[in-house]
Every structure is written in C-alpha cells, then in structure tokens.
Amino acid sequence: YAGYGKPVLCTDLEAMSQIVIENGLGWVCKDTAEDMARVLESIIMDRPSIIEKKENIKRFLPENTWEARAKKVLFTLENINRKNR
C-alpha cells in the first residue's frame, strides 16, 4: 500500500509493525477482528492522522525502493573493496 501512497494497517508482526511504527506509515493492530475494527474506527474519526501518514510515506519511499536499496548495497561493497586494497 505504501508504494501507492496509502497508509498501512498491519497486524503486530514484529518486522512489519516495527517499520510502520518507526516511520509513521500507518497503524498497527492485534491479529483479531475486534482490534482491527477498533483501529479502523479510530482512523475514521481522525482525518488529520491519515494526512500525516501519507506525508510520512512520501518522505519514506524515495530511500526505500528496490533501486535505492541496490545502490546502498553497491556503495557498501565498493567501500569494503577500497578498504581491502
């Protein structure tokens, strides 16, 4: 969803929820229908938070594309190669 500029609602799985929370990309709920409904209700009542999450996604995306990650790996490998010369 974030790739399309949409805020994320995810369950509290460690890796995904950590990224969502640390970067303000959306909301996290427990893996139950009741908790998801509770979070969705709170989202509906808080329009400014939706706008905030969309802005956070705009800032997050440029550095988190596959291309950006590949460039980061290449940069790291080039630095390692220079140090080993």
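Helix 3 covers residues 47-60, and its length checks out: at 1.5 Å a residue its 14 residues should span 20 Å, and the end C-alpha atoms are 20 Å apart, which agrees. The expected span is 1.5 Å times one less than the number of residues. Helices (H or I, at least four residues) and strands (E, at least two) are DSSP runs, numbered from the N terminus.

This is a predicted model, in which local features need pLDDT of at least 70 and side-chain atom pairs count only at pLDDT 80 or more, while totals for chains, interfaces and linings use all residues. Residues are numbered from 1 along each chain as its sequence is written, and side-chain values use heavy atoms, with hydrogens and water left out.

Which residues of helix 3 are buried? They are Ser49, Ile50, Lys53, Asn56, Ile57 and Phe60. Seen down the axis of helix 3, the buried residues fall within an arc of 120°, so they line one face of the helix. That arc is taken from the directions from the helix axis to the C-beta atoms. Buried means under 20% relative accessible area, exposed over 50%, and partly exposed in between (1.4 Å probe, protein chains only).

The buried residues of helix 3 pack against helix 1 (14-23), strand 2 (26-29) and helix 2 (33-44). Contact here means heavy atoms within 4.5 Å. On the other side of helix 3, Arg47, Pro48, Lys58 and Arg59 are exposed.

**Salt bridges**

A salt bridge is a side-chain nitrogen of Lys or Arg within 4 Å of a carboxyl oxygen of Asp or Glu. By this rule the count comes to three.

| Pair | N to O distance |
|---|---|
| Arg38 and Asp35 | 2.8 Å |
| Glu55 and Lys58 | 3.4 Å |
| Lys71 and Glu67 | 3.3 Å |

Arg38 and Asp35 both lie in helix 2, three residues apart, about one turn of the helix. Asp35 is buried, with a relative accessible area of 10%.

Glu55 and Lys58 sit in helix 3, where being three residues apart separates them by about one helical turn. Glu55 counts as partly exposed at 36% relative accessibility. Lys58 counts as exposed at 57%.

Lys71 and Glu67 both belong to helix 4 and are four residues apart, about one turn of the helix. Both Lys71 and Glu67 are exposed.

**A nonpolar patch and a loop residue**

Val73, Leu77 and Ile80 make a nonpolar surface patch of about 270 Å². Patches take residues with over 30% relative accessible area and no salt bridge; like charges are joined within 9 Å, nonpolar side chains (Val, Leu, Ile, Met, Phe, Trp, Tyr) within 5 Å. Accessible areas come from the Shrake-Rupley method with a 1.4 Å probe; for residues, only the protein chains shown count as cover. Val73 lies in helix 4 (residues 66-83). At 48% relative accessibility, Val73 counts as partly exposed.

Leu13 has its place in the loop between strand 1 (8-11) and helix 1. At 57% relative accessibility, Leu13 counts as exposed. Leu13 and Ile51 are 38 residues apart in sequence and 24 Å apart in space, C-alpha to C-alpha.
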